[in-house]
Amino acid sequence: DNDNILFVSNRKNLANFEYERLQPYIINLKTFEVSAPFTTYLDVSGLSMSPDKTKIAFMATSGDSEIYIADLSDQGKITQITNNNFADRFPSFSPDGNWIAYTRTESYQSSRQQIYSVRTASRGGDVARLTEDNASREPAWSPDSRWIVFTSNRDGNPEVYIMSNNGQFQVNLTNSPGVDMQPDWQPLPSP
């Protein structure tokens with residue numbers, strides 16, 4: 001529904017001036033009540049809600065940054081989706097809920113980034129590398145889950161690209177000398 005906003009906060013011990021790991025929260029815009037959909041020892045960020053509102057994909061740092069899913073229909077049970085020596089960040093659920101696209105960086109100090117996808121039902125076993133240019137990030141899905149828009153520096157500066165959900169047909173949409181980035185697929189208001 002459109003009455004809730006998902007966010008992360010370290011609010012738990014803020015009054016005591018203690019550092020608390022970032023945790024997920026939901027604020028209801030009708031009541032302004034804040035609740036925690038799940039809790040974890042992990043430092044959580046980069047939240048993405050599944051289309052059916054039963055799962056939250058997130059990135060967490062415990063050594064390297066990895067992608068996890070919390071199943072809200074199973075008391076917030078957490079499943080680790082990626083597990084490697086890379087920084088996997090910024091997960092994005094496909095609108096059909098079958099895939100998560102994310103950015104993989106070789107390390108926090110590296111600028112070599114790729115876009116990957118993983119089938120949500122496979123628990124990390126069905127991973128596909130979608131880009132090959134070492135300069136792609138910020139994936140966002142089309143409403144029908146057939147396309148992904150993303151940012152790439154492959155032409156020397158940040159541009160907005162589009163590709164099919166399997167990584168084919170990559171096309172520069174902006175082709176500008178300016179910085180074009182952080183695309184998101186949104187419906188336009190009716191005239």
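## Getting started

A residue is called buried under 20% relative accessible area, exposed over 50%, and partly exposed in between, using a 1.4 Å probe and protein chains only. Asp144, at 42% relative accessibility, therefore counts as partly exposed.

Please note that this is a predicted model, in which local features need pLDDT of at least 70, side-chain atom pairs count only at pLDDT 80 or more, and totals for chains, interfaces and linings use all residues. Residues are numbered from 1 along each chain as its sequence is written, and side-chain values use heavy atoms, leaving out hydrogens and water.

## Salt bridges

Side chains of opposite charge can pair when their charged atoms come close. Here a salt bridge is a side-chain nitrogen of Lys or Arg within 4 Å of a carboxyl oxygen of Asp or Glu, and the structure holds seven of them. One of these joins Asp144 to Arg146, with the closest N and O atoms 3.8 Å apart.

Another brings together the side chains of Arg104 and Asp88 (2.7 Å, N to O). This pair links distant parts of the chain, with Arg104 in strand β9 (residues 99-105) and Asp88 in strand β8, 16 residues apart. Strands are DSSP runs (E, at least two residues), numbered from the N terminus. Both Arg104 and Asp88 are buried.

What about Arg119 and Asp126, and how far apart are their closest N and O atoms? They form a salt bridge at 3.2 Å. Arg119 has 32% relative accessibility, so Arg119 counts as partly exposed; Asp126, at 32%, therefore counts as partly exposed.

Methods:
Helices (H or I, at least four residues) and strands (E, at least two) are DSSP runs, numbered from the N terminus.
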